[in-house]
Amino acid sequence: MAGALALQSGPLPDWTAVSPALILALTGLLLFVIDSIDSDSDNTVLLAGLSTVGSLFAFGVAGWFLVEGTGQAATGGAISLYGDALVVDGMSLFFTLIFTIVAAMVCIASLDYVAEQRHQAEFFSLVLFAATGMTLMSMSNSLATAFISLELASLPSYALVAYLKDNRGSVEAALKYFLIGALSSAVFAFGISLVYAATGSLLLSDIASSLGDADGMTGILGMGVLMLLGGFAFKTASVPFHFWAPEAYEGAPAPISAFLSSASKAAGFAIAFRVFVEAFPLGQLPAGVDWVLAFQVLAVVTMTLGNFAAATQENVKRMLAYSSIGHAGYALIGLAALTAGGPNANVLGASMAHLLVYGFMNTGAFLFIALVEYWGVGTTFEDYNGLGARAPMACVAMSVFMFSLAGLPPFGGFFSKYVLFYSAIEAGFWWLAAVGAVNSALSLFYYSRVVKAMWIEDAAPTLELGSKPVGLYTAVIFAAVGTLLLLPAFQPVIETAQTVATALF
Amino acid sequence: MAGIFDFVPAIVLLPFVSFLVALAVGNRMPKGGAFAGIVATAGSFLLSLATFFTVSQGQTYNQTIYTWAQGLDGAVTLEFGLLIDPLSALMLVIVTLIALLVHIFSLGYMNDEGETGLPRYYAGLGLFTASMLGFVVADNLLMAFMFFELVGLCSYLLIGFWFREPGPPSAAKKAFLVTRFGDYFFLVGVVAVFATFGTAAFAGSESFPHLAEQALAGETSVNTFGFAAETWFTIVGLLVLGGVVGKSAQFPLHTWLPDAMEGPTPVSALIHAATMVAAGVYLVARMYGFYALSPTALAIIALIGGFTALFAATMGVVKREIKQVLAYSTISQYGYMMLGLGGGGYVAATFHLMTHAFFKALLFLGAGSVIIAMHHNENMWDMGGLKEKMPVTYYTFLSGSLALAGIFPFAGFWSKDEVLYETLIHGLGGSPILLVAYAMGLLAVFFTGFYTFRMVFLTFHGKPRSQTARDPHGVRWNVKGPLAVLGVLAATTGVVNMVPVEKLLGIKGIDFLHQWLDMSLDGLTAHHYAELTPYSSAYIGGEATTVAIGAAVSLGLAIAGAGLAYVLYNVPEPTEHTDKLGGIKTLLYNNYYQDEYQVWLANSVVRPISRGADKFDQGVVDGVVNGVSSVSLFSGSRVRRIQTGVVSNYAALLTLGLTVLLLGFGLLGGWFQ
Amino acid sequence: MVPPEYYLVLSAAIFCIGLFGILTRRNALLFLMSVELMLNAANINLVAFSYVWGNVTGQTFALFTMALAAAEVAIGLGIIMVLYRNFGGVDVTDATTMRW
């Protein structure tokens, strides 16, 4: 149990295992307190600093738990809390690391981005509440908590996308995100009700054990499972629930786009991994509820649609939005390449490791967009011409993100994609890996367009950049360093991911 | 402790610095940067001598100095390092000495003749020397390969020095491309060595020759890619040999070398005596421990060598230009070295490499002197009677010619005799293939004697056959000095290894070169190689008898050849006796149509294949690639149209997608039954 | 006792009515109401099968769903407010500046 997590004299009580989520929530509440004392606080440094520190603290605690083996087999297995509604294990801690580090980068970057806006305290507290929701998503062990935490992550996100209240793009993005989100959550809730109808339980383990009794209800169960899948597909921006994503990412403030496309997507995967693996284990499924096949279809369609649509974009942010859909397709391989008795932990772990690397490179790329928006440079590829000469450091970082997203060595994205495809082949799904590889090759085309514009094309004579914002630069450079370091550090990452994934099976 | 070995990198770097100096400020220096090169090579020469003496005290040096790619987890590590043993120390002295003399001679040949572009010339010489020295001290195959390629590049730059004329650029290209053709195999060989052994080091217990030896003895296992170990080592050895055949101008990749005569004569001297062509043979000697393990590879080396020796010698018989004769003699002499290596005579081949370096440099510089005197007319039929006009050149040239022809007691006699002797006794010891190679080598001795003295008599004897020959241009100290040094060396270097004298007269301990090469690191000694080679020895009568017979036969053939030349050409007004050969002369003159058949091969075989490949590439591959990308972009532009911007449509499409999924899986899973 | 299949049919019908509303109505408020209808379809299932299975999990979760629906409406109304301010109406098909 949690006792082994420290060299202290007495073991920590079990409830402390959720402390990353508690820290995030308390930081958010603290920001609310500041807001209610000084409702128009524009002390951005305090607000951004507090939220960054809170995120990093949660990151540190989660990392400490993970290193000490909290909730893992070595210390007595997963810690169940609140009548098994929440569970803290290696996987939830691993995903918590992704959410918190992305949240920290987003908070630092927002220091400059929201400096001129009103209601800054709300902005940061909403980010932290959303991060709390994501952390809880990764811990959910029941469909009830899954739904509630998913909503807890979604509702602040809608508000955050609409944060630029006077910007038509921001509002339109929020509207579409919200409407599709509401529809998806209705579908998700209906799916939960159908699964409950078929099995009589909402706890994942109980659902798994009563699958065998659901004989006459296979159709109900199958529909429920597909509708659950729809709810997760919305969160991960997978086809056909992806329609909100290009607009929401394009219209939202760029740091929020980074947050949604990295952390929120990872949260969707975290809960999808746990729900499908725990509640509907492959060996015990009644015939006719073949969710692996559904994920295979979704993975192929998602990565293909995302990459093909990204290839023809003129707007860099929208291109990244579609590329984010494409990456959701890659990560779906983690669920699509599962077989009863196959090397499932390897596949799932590879997908988790890819999401971690993706957290760095994609967040960095969107934050670079935030930087460009801050400078007031346009949004198309042509507007990026010659940026490399004006802001070389940031552009080197952007080039690192682009090549890493494309999966080129020597960046973190190379190994994560390589291991992901390799594990798919190992599991016998060579065609999934082949589709992924073809899509990666296509993606190189549009990623390199950005690099080409920045470094090779000549700048428009009117191109003038303003000051160099400290917060955005810090976040972008941090993400670039992370992307680079994840190449040599990939071995421990993938080992951890595959170890914690083993506990699920 | 700062020993002399700490200064070894300076031997390589000094000429490199002179290259930089000549390139950067050569225009503002007197003599176009010549003195920088002379000082640098002189410094290298002195350091090499010091190294040589240190090695003679029994010290060797094998040290990695720079790791430029650190292999992780069993991957290979790529390094630069130094290997100084008797072989490389000897080679260092030879290369630096000849480079120094060539630099001095260039003062007479290039500066005094008022050439332009001298900084470029001296920069090229400096880089050429530096590359060769780097190659000599390399402690692993990859480093050797890199410097090997640099040597090739420099030869390209120098052969094409007179790039405004039509001949030199084309000759330079040919030299570059033909040697590059061989180098492809070399490169594949390097990769194969890395893949097999995980290392490319030449010396030490972790070196690839040692590992190969252990693998054959079953003490260790290496990745031989499914072949038997010996077969695979033969394949790897032959791949590396591809580079050797190209660089050392062995059949069938020798065709670049006669063309390379288009370059300045001092460059030819450097290429033929000490650098480029020597690099190939030196490489085989360097990794002899590897070749010695494979009887097949050795036999092939010996056959190539023997055949090239004879083949090139016959072509040298009919040439009109003095440098052409020398070019074919070079090919032929390197054939002897290959013959020696293939025949198990590691020491003999090294010996011949050394003596040849001296007498061939001498002959080229002598030819250069003649060419200066003849106002750059190289046709021997326009010469004659130069003996009285330029005595220093004549006597030194004669010394070199006697050495080349292998006349007792000049240097070439001893080394060539030992090559033939080693091949003979190993051939008699049960390797009939070696006897075939030996026969070819022996026959070549006759032709060598003939063409050498034909050249001497046509050039220096008889009556002048042209106006320039009657009134030749004088040459200065900077030409005569190097000639004198080399003339003495060509006459006397034979004493370092008088094996026949030792065997016949029973004087022990005068086979200095044998002892010298035995002082090397473990596993690189001449004795070790002798044990590794698959040959045993047999004698006609006794050892002494065999030595006597072998020496007598080769000396006799050389004298016969020289005598025939004397009869035919040492007359006041010689005629073109070779015309009597009729069709054979044409065949010989056209080099057995070697160029023609290779051009034919290139034109009629390779070009259609290339054209086909090009068509395939342009039509099919490019078509597919272009097609895929335009299809991708087109479908991309279609796919994005789904995103209409109207949220109601999104909801409809979402519902549609979900419905399709539900229906599809419902039908598949039989939910509706 | 009413057989459980009937509840399923009822909830499916309500779900489809909600979905129909979403697909046909352009007014954002009606869109929101339709979503409420779909969520309530889920609630019907939860409550009914809570009775069928004999545990209170479904009923409790239905309460949570209602609370979440209310929260969702709160956020949704806020977004509709700013939509009205920026686009001068509550027609969801007006906001189409970003597409493709």
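This is a predicted model: local features need pLDDT of at least 70, side-chain atom pairs count only at pLDDT 80 or more; totals for chains, interfaces and linings use all residues.
Reader: What makes Val475(B) count as buried?
Author: A residue is buried if 20 or more other C-beta atoms lie within 10 Å of its own, exposed if 12 or fewer, and partly exposed in between; C-beta atoms are placed from the backbone. Val475(B) has 21 C-beta neighbours inside 10 Å, so it counts as buried.

Reader: Where does Val475(B) lie, and which residues is Val475(B) in contact with?
Author: Val475(B) sits in the loop between α20 (467–470) and α21 (477–492) of chain B. Helices (H or I, at least four residues) and strands (E, at least two) are DSSP runs, numbered from the N terminus. Two residues are in contact if their C-beta atoms, placed from the backbone, lie within 7 Å. Leaving aside neighbours within four places in sequence, Val475(B) is in contact with Gly108(B), Ser369(B), Ile372(B), Ala373(B), Met390(B), Thr393(B) and Lys480(B). Val475(B) and Tyr109(B) are 366 residues apart in sequence, yet 9.0 Å apart in space, C-alpha to C-alpha.

Reader: What makes helix α10 of chain B mostly covered?
Author: Helix α10 (residues 265–274) of chain B has 10 of its 10 residues buried. Among them are Pro266(B), Val267(B), Leu270(B), Ile271(B) and His272(B). The cover includes α3 (86–111), α4 (118–137), α5 (141–159), α11 (276–286), α14 (322–342) and α15 (346–373) of chain B.

Reader: Why are α1(B) and α4(B) called roughly antiparallel?
Author: Axes are lines fitted to C-alpha atoms, for helices over the stretch in contact, and angles run from 0 to 180 degrees between N-to-C directions. Angles under 35 degrees count as roughly parallel, over 145 as roughly antiparallel, 65 to 115 as roughly perpendicular and the rest as oblique. Helix α1 (residues 8–25) of chain B and α4(B) pack at about 160 degrees, with their axes 7 Å apart. That makes α1(B) roughly antiparallel to α4(B).

Reader: Which hand does the crossing of α1(B) and α4(B) have, and which residues meet?
Author: The crossing of α1(B) and α4(B) is left-handed. A crossing is left-handed if the near helix is turned anticlockwise from the far one by less than a right angle, and right-handed if clockwise. Residues of α1(B) including Val8(B), Ile11(B), Pro15(B) and Phe19(B) meet residues of α4(B) including Tyr122(B), Gly126(B), Ala130(B) and Leu133(B). By class, this contact of α1(B) with α4(B) has 15 nonpolar, 4 polar and no charged residues. Ala, Val, Leu, Ile, Met, Phe, Trp, Tyr, Cys and Pro count as nonpolar, Asp, Glu, Lys and Arg as charged, and the others, Gly among them, as polar.

Reader: Why are α15(A) and α18(A) oblique to each other?
Author: Helix α15 (residues 392–406) and helix α18 (residues 470–485) of chain A pack at about 40 degrees, with their axes 9 Å apart. The two helices α15(A) and α18(A) are therefore oblique. Their crossing is left-handed. The contact includes Ala397(A), Val400(A) and Phe401(A) of α15(A), and Tyr473(A), Ile477(A) and Ala480(A) of α18(A). By class, the contact of α15(A) with α18(A) has 9 nonpolar, 2 polar and no charged residues.

Reader: How many residues does chain A give to its contact with chain C, and how many does chain C give?
Author: Chain A gives 32 residues and chain C gives 34 residues. On the side of chain A, α5 (143–161), α6 and α9 (244–251) each supply at least two residues. α6(A) gives the most, with 18 residues. By class, that side of chain A has 21 nonpolar, 5 polar and 6 charged residues.

Reader: How many residues form the contact of chain A with chain B?
Author: This contact takes 28 residues from chain A and 23 residues from chain B. The side of chain A that touches chain B has 20 nonpolar, 6 polar and 2 charged residues.

Terms used. Residues are numbered from 1 along each chain as its sequence is written. Chains are lettered from A and ligands numbered from 1 in the order in which they are written.
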